[in-house]
Amino acid sequence: GGAVNGNQSVDIWHLTAPSSGSGDAVVTMSGSTGYLGVAAISFTGVHQSSPLGSIGTTTGSSTTPSVTLTTVADDLVLDVVNNATSSDPTAGASQTERWDEVLSAAARGFASTEVASGTSTAMSWTAANAPWAQAAVIIKAAAVGTGDTAISTTDTPADNISVGNVIRIDDEYMLVSAVSDANAELTVVRGYRGSLAATHSNGDN
C-alpha cells in the first residue's frame with residue numbers, strides 16, 4: 001500500500017519468509033527520480049499465509065502527520081512517512097522510531113512501530129510544516145498451534161511474567177518454563193491443569 005502527495009510518496013512492500021542472514025533491498029526505477037529512499041525491517045513470529053492486516057494511507061500539509069488503523073490489542077503496526085523537509089521529526093509517545101533518513105534538502109523519510117493496546121491505533125508524528133504522505137499497515141502475528149511451546153510476546157515479558165507463572169489464553173492454561181526478553185518470547189507447557197491445547201490467534205485472551 002502507498003500514498004502520494006505531489007512530490008512526496010511512500011510505499012510499503014513485503015516478502016514472506018525471506019532467507020535468513022543479510023540481504024539487499026533492490027528497487028529498479030522505470031525513469032529518473034530526484035531522490036529515493038529505501039529501508040528494510042524484518043519481523044519474526046508473523047503469520048505466513050496472511051502476514052498483513054489492514055492498510056491505511058493519508059496525506060496532508062501540516063506539522064502533524066497521522067493515520068489511524070482499526071486494531072486489536074497486541075497488533076503490531078508499522079508506519080512510514082515522507083515529509084517535504086529535512087527537519088528532524090518526533091514520533092508519537094507510544095511509537096518506536098525505526099528509521100529516519102534525510103533524502104534531500106526537501107525530503108525526509110521516517111518510520112515507526114507501535115504495539116496496539118486497543119481497537120484504534122493512531123500513528124502520529126510532530127514534524128516541520130510541509131506536505132507529507134503516510135502509510136501504515138498491521139503486521140499479523142502467527143497463530144499458536146496446538147503443539148507450539150514458544151509464545152511470542154511484546155516488549156520485555158520478564159517485566160510481568162516469571163518462570164512458574166500460569167497463563168491462560170481462552171480456555172487453555174499454560175505453565176511458563178522460560179522467559180526471554182531478548183527474543184520477546186515465553187516457553188510454556190501446553191494444556192496445563194487438565195486444559196486442552198488449542199490453536200490461538202492474535203487478540204485471543
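Reader: How many bridges join β13 to β14, and do these strands run parallel or antiparallel?

Author: Strands of a sheet pair through backbone hydrogen bonds, in either sense. Here six bridges join β13 to β14, and the two run antiparallel. Strands are DSSP runs of E, at least two residues long, numbered from the N terminus, and two of them pair if DSSP finds at least two bridges between them. The model is predicted, so local features need pLDDT of at least 70 and side-chain atom pairs pLDDT 80 or more, while totals for chains, interfaces and linings use all residues. Residues are numbered from 1 along each chain as its sequence is written, and side-chain values use heavy atoms, with hydrogens and water left out.

Reader: Which residue is the bridge partner of leucine 175 in β14?

Author: Valine 189 is that partner. Leucine 175 also stands opposite valine 166. β12 (residues 166–169) pairs with β13 (residues 172–180) through four bridges, again in the antiparallel sense.

Reader: Which residues have a positive phi in the hairpins of β12 with β13 and of β13 with β14?

Author: The hairpin of β12 and β13 has two residues between its strands, and aspartate 170 there takes a positive phi near 55 degrees. The hairpin of β13 and β14 has four residues between its strands, with alanine 184 in the turn at a positive phi of about 50 degrees.

Reader: Where is arginine 193, which also has a positive phi?

Author: Arginine 193 lies in the segment after β14 (185–192), and its phi is near 55 degrees although the residue is not glycine. Arginine 193 has a relative accessible area of 61% and is therefore exposed; exposed means over 50%, buried under 20% and partly exposed in between, with a 1.4 Å probe and protein chains only. Alanine 17 has a positive phi of about 55 degrees, and its place is the loop between β2 (8–11) and β3 (52–62). Alanine 17 counts as exposed because its relative accessibility is 55%.

Reader: Is serine 112 buried or exposed?

Author: Serine 112 counts as buried because its relative accessible area is 0%. It belongs to strand β8. A polar contact is a pair of N or O atoms within 3.5 Å; within protein, one must be able to donate a hydrogen and the other to accept it, and residues adjacent in sequence count only if both atoms are side-chain atoms. The side chain of serine 112 makes such contacts with the side chains of aspartate 79 at 2.4 Å and glutamine 95 at 2.9 Å. Leaving out residues up to four places away in sequence, serine 112 touches several others (heavy atoms within 4.5 Å), among them Val77, Met123 and Trp125.

Reader: How much space lies in the largest pocket?

Author: About 1,700 Å³, taken as the space filled by probe spheres set on grid points joined across faces, edges and corners. A pocket is an open set of points, on a 1 Å grid over the protein atoms alone, where a 1.4 Å probe fits, with protein on both sides within 12 Å along at least five of seven lines; lining residues have an atom within 4 Å of a point. Of the 45 lining residues, the closest to the centre are Trp13, Ala25, Val38, Ala39 and Ala40. β5 gives the largest share, four residues.
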